[in-house]
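Student: I am new to this structure and would like to go through it step by step. May we begin with a single residue and then widen the view?

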Amino acid sequence: MVLPLEGIKVIDFTGVQAGPACTQMLAWYGADVLKVERPGVGDVTRHQLQDIPNLDALYFTMLNSNKKSMELDTKTAEGKKILEQLIRGADVLVENFAPGALDRMGFTWERIQELNPRLVFGSVKGFSEESPYADLKVYENVAQCAGGAASTTGFWDGPPTISAAALGDSNTGMHLLIGILTALLHREKTGKGQKVAVSMQDAVLNLCRVKLRDQERLEHVGYLEEYPQYPKTPFGDAVPRGGNAGGGGQPGWVLKCKGWESDPNAYIYFTIQEQNWPRTAEAIGHPEWAKDPAYATARARQPHIFDIFAEIERWLADKTKHEAVEILRKYEVPCAPVLSMKEIAYDPALRASGSIVEVDQEKRGKYLTVGSPVKFSSFKPDITGAPLLGEHTDEVLAGLGYGADAIARLHKDKVV
Ligand code: COA
């Protein structure tokens, strides 16, 4: 079967998570992705958070499947020459080095264009070029703080809080992926490549757009009635942390179920959908609330919404989260159990859909990783193992025309 990106050659000059997440997806969808790594060192994630001594960490394998790996010291004259050859033959180059690192290596955008005008050059930085923080090195949590996620996440009596979801890292990689695929389509029209830049701050902000919406509403109205602070606590001049509030037009909250005292995940998320209120009231044992003026409309409920949630928790007290959802789904209440990572890892439906896959990794054996969250009707990505450091160095050099002696010398001189 021909995969959609077959024939697209990608130089993967990335590390940690943001860049590798992008190039991994290109590889899943058929691109020929070559990870270029520092000889003897490789991507730092090979060694970070190792669970088995002297084996590539899951941190690495889960972000670099379906790729090839080449060791290459791109700071040596010969290493630069080899990288130039690779660039001439590639469709895409992706990097997420610290600001200025690629320029210092001699590979400015101008130089890259000179080498290959058709190349699409994808670049991740913490901040955009216009930012006063453009020179900063940035990791996930820094981006979440700078992109508006941290100041709006958490509870009102606690500090700004980091989300567990990789809003700064993998999310930026996904944005870059959209940009690269767009630029490849553009190239079909113009014949030219282009630079595609995504900052982690911007990618986080793009997912925090509802909070920017709320900032503007706050400035117009002075309060945000769907936030838990309403109506008892005065609002300041910035969007506050909203706890587990819905964020959309339908209020919701995380509610305790049977067993919450000992199980940290014995909760459901319960949404009160305006158009489904009569059935919701019936589901939780209060059909009379459908017509009661104190409960009948969203506006009437909002001032005492936490009393309503408390009453729903009383209804939930003798039901497990799964039993509760079984009942509520019959009444079309938008809800879900809070699932632990353990439950997710062993969820048969996620395995069946390919959202979690078991991969056979050289030396390690079988391990679980996320599969493609995007499902296609004409193909199913086959997730394979991640490459060992330098596994494909000789193969790539031979493809570039280097003979056995030349390859041996490059190894001896530690260029590869
Ligand atoms: N051969 C020779 N040198 C190489 C090389 C290779 N194959 N690959 C990398 N290097 C060099 C770089 O040129 C750089 O050298 P320099 O600083 O002397 O110019 C050096 O290795 C380290 O580069 P880098 O990985 O960028 O720096 P770091 O480890 O100190 O910082 C980050 C890591 C992630 C903080 C930084 O890369 C960054 O801010 N990136 C942009 C945002 C980002 O993607 N963050 C991570 C999200 S998961």
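Student: Is K137 buried or exposed?
Tutor: This is a predicted model, and the values discussed here are computed from it. A residue counts as exposed when its relative accessible area is over 50%. Because K137 has a relative accessibility of 69%, its class is exposed.

Student: Where in the chain is K137 placed?
Tutor: K137 belongs to a loop. The elements on either side of this loop are β5 and α6, the latter covering residues 140–146. The place of K137 is therefore described, by the definition of these elements as DSSP runs, as the loop between β5 and α6.

Student: How far apart in space are K137 and F97?
Tutor: In sequence, K137 and F97 are separated by 40 residues. Their distance in space, taken from C-alpha to C-alpha, is 8.7 Å.

Student: Which residues come nearest to the ligand?
Tutor: The ligand has 24 residues around it. By class, 12 of this shell are nonpolar, 4 are polar and 8 are charged. Those that come nearest are K75, A98, R104, K137 and V138.

Student: How much of the ligand's exposed area does the protein bury?
Tutor: The reference is the ligand taken alone, which exposes 940 Å². Of that area, the protein buries 83%.

Student: Is N116 buried or exposed?
Tutor: N116 is found in the loop between α5 (109–115) and β5. Its side chain reaches the backbone oxygen of R88 at 3.4 Å. Because the relative accessibility of N116 is 8%, and the cut-off for this class is under 20%, N116 counts as buried.

Student: Which element supplies the largest share of the largest nonpolar core?
Tutor: This core has 37 residues, and V10, L26, V92, L176 and I180 have the most contacts inside it. Elements that each supply at least two of its residues include α1 (18–28), β4 (92–95) and α8 (170–190). The largest share, 6 residues, comes from α1.

Definitions and conventions:
Residues are numbered from 1 along each chain as its sequence is written. This is a predicted model: local features need pLDDT of at least 70, side-chain atom pairs count only at pLDDT 80 or more; totals for chains, interfaces and linings use all residues. Side-chain values use heavy atoms; hydrogens and water are left out. A residue is near a molecule or strand if one of its heavy atoms lies within 4 Å of it. Accessible areas come from the Shrake-Rupley method with a 1.4 Å probe; for residues, only the protein chains shown count as cover. Ala, Val, Leu, Ile, Met, Phe, Trp, Tyr, Cys and Pro count as nonpolar, Asp, Glu, Lys and Arg as charged, and the others, Gly among them, as polar. A nonpolar core is a set of buried Ala, Val, Leu, Ile, Met, Phe, Trp, Tyr and Cys residues joined through side-chain atoms within 4.5 Å. Buried means under 20% relative accessible area, exposed over 50%, partly exposed in between (1.4 Å probe, protein chains only). Helices (H or I, at least four residues) and strands (E, at least two) are DSSP runs, numbered from the N terminus. A polar contact is a pair of N or O atoms within 3.5 Å; within protein, one must be able to donate a hydrogen and the other to accept it, and residues adjacent in sequence count only if both atoms are side-chain atoms.
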